[in-house]
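I opened the model and kept notes on what I looked up. The entries follow.

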Amino acid sequence: KPEQIGQKAIAVNVSDIAAMGGKATFCLISLITPSNLKDSYIESIYEGIKRTCKMYNIQIIGGNISKGKELVIDIFMLGEVKPSELLRRSGAKPGDKLLVTGTLGDAAAGLELLRNKELKLTNFEKKQLLIRQCSPSPRIKESQIIAKSKQVTAMIDSSDGLSSDIQHICDQSNVGVFITEENLPLTNATKKVAKQLNKKGTTFVLEGGEDYELLFTVPPHAVDTLIATIKQKTGTEITVIGEILSEEKGRWIQLKNGQRKKLLSRGWNHRA
């Protein structure tokens, strides 16, 4: 729905700010609209934008609109963070544990559901996956707890697919990584979609993207306390999915059959 498009346009940008431990503050909105698009459709998009900005206490301070061949929504988001709580992708150290909030792969499974109405799921499972694809919720509360803990060494949001997002941390931190397929958190709904499409559920996790969960690295001594704190204050489950290695040890995933394979970037490529 157009309202969901507006909501998602804001939410995914809020997630980028949250991934650095910050809070979104102001945004500018630019639209390119085709001449055959009804005014009511554009107004509905703006309703989703305004409602979401109000939810996160973000002020719309300007933007632009012009005609084009297809609809384009461009959001310029500003945010703020205390210097002592700023989180980058470049601080991961060998020995750190790799953690993720919530579950992964749901948004990609939701996209498959939109493409294939014949998939057999319960109404609850359909709603669960479609919300993750159409109306994502950035992990703002979790981000603030993580930032204030001052225990996290690097963080990113899972927007490109786990295999690619991990590479971003490894590239900027000059480290390797080892993750375990068995530990990747999937919902039963995502597993059911994968099975019906003759795919592995972890394919949605590694390649799908758009989950907007937080992927972060933590020294071993701080893991249990941080997980417990986030769970207590937000109810969000946190999963340890791997460990940071030294750069020369490489980047690996251990499959469920025990085989170890190189972890390749198979998610969204921004330059393609």
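Entry 1. I looked up what covers the buried residues of α2 in this predicted model. The cover includes α1 (2-18), β1 (23-33), β2 (59-67) and β3 (72-80).

Entry 2. Which residues of α2 are buried? I found Ile 42, Ser 44, Ile 45, Gly 48, Ile 49, Thr 52 and Cys 53. I took buried to mean under 20% relative accessible area.

Entry 3. I checked the length of α2, which covers residues 39-55 and has 17 residues. From its first C-alpha to its last, α2 reaches 24 Å, close to the 24 Å expected at 1.5 Å a residue. Asn 57 follows α2, and its phi is positive, near 60 degrees.

Entry 4. In what order do the strands of the sheet stand? I read β2-β1-β3, an open sheet of 3 strands with mixed pairing. Both β2 and β3 stand at the edges with a single partner strand each, so one side of each has no neighbour in the sheet. On average, neighbouring strands are turned by 15 degrees against each other, direction ignored.

Entry 5. I then looked at how β1 and β3 pair. They run antiparallel, and 9 bridges join them. At one place I noted Ile 29 opposite Ile 75 in β3.

Entry 6. Last, I looked up how the helices lie on the sheet. α1 packs on the sheet and touches β1 and β3; the direction of α1 makes about 35 degrees with that of β3. α2 also packs on the sheet, where α2 touches β1, β2 and β3. I noted about 175 degrees between the direction of α2 and that of β1.

Note on methods
Residues are numbered from 1 along each chain as its sequence is written. This is a predicted model: local features need pLDDT of at least 70, side-chain atom pairs count only at pLDDT 80 or more; totals for chains, interfaces and linings use all residues. Side-chain values use heavy atoms; hydrogens and water are left out. Helices (H or I, at least four residues) and strands (E, at least two) are DSSP runs, numbered from the N terminus. The expected span of a helix is 1.5 Å times one less than its number of residues. Buried means under 20% relative accessible area, exposed over 50%, partly exposed in between (1.4 Å probe, protein chains only). Contact means heavy atoms within 4.5 Å. Two strands pair if DSSP finds at least two bridges between them. Axes are lines fitted to C-alpha atoms, for helices over the stretch in contact, and angles run from 0 to 180 degrees between N-to-C directions.
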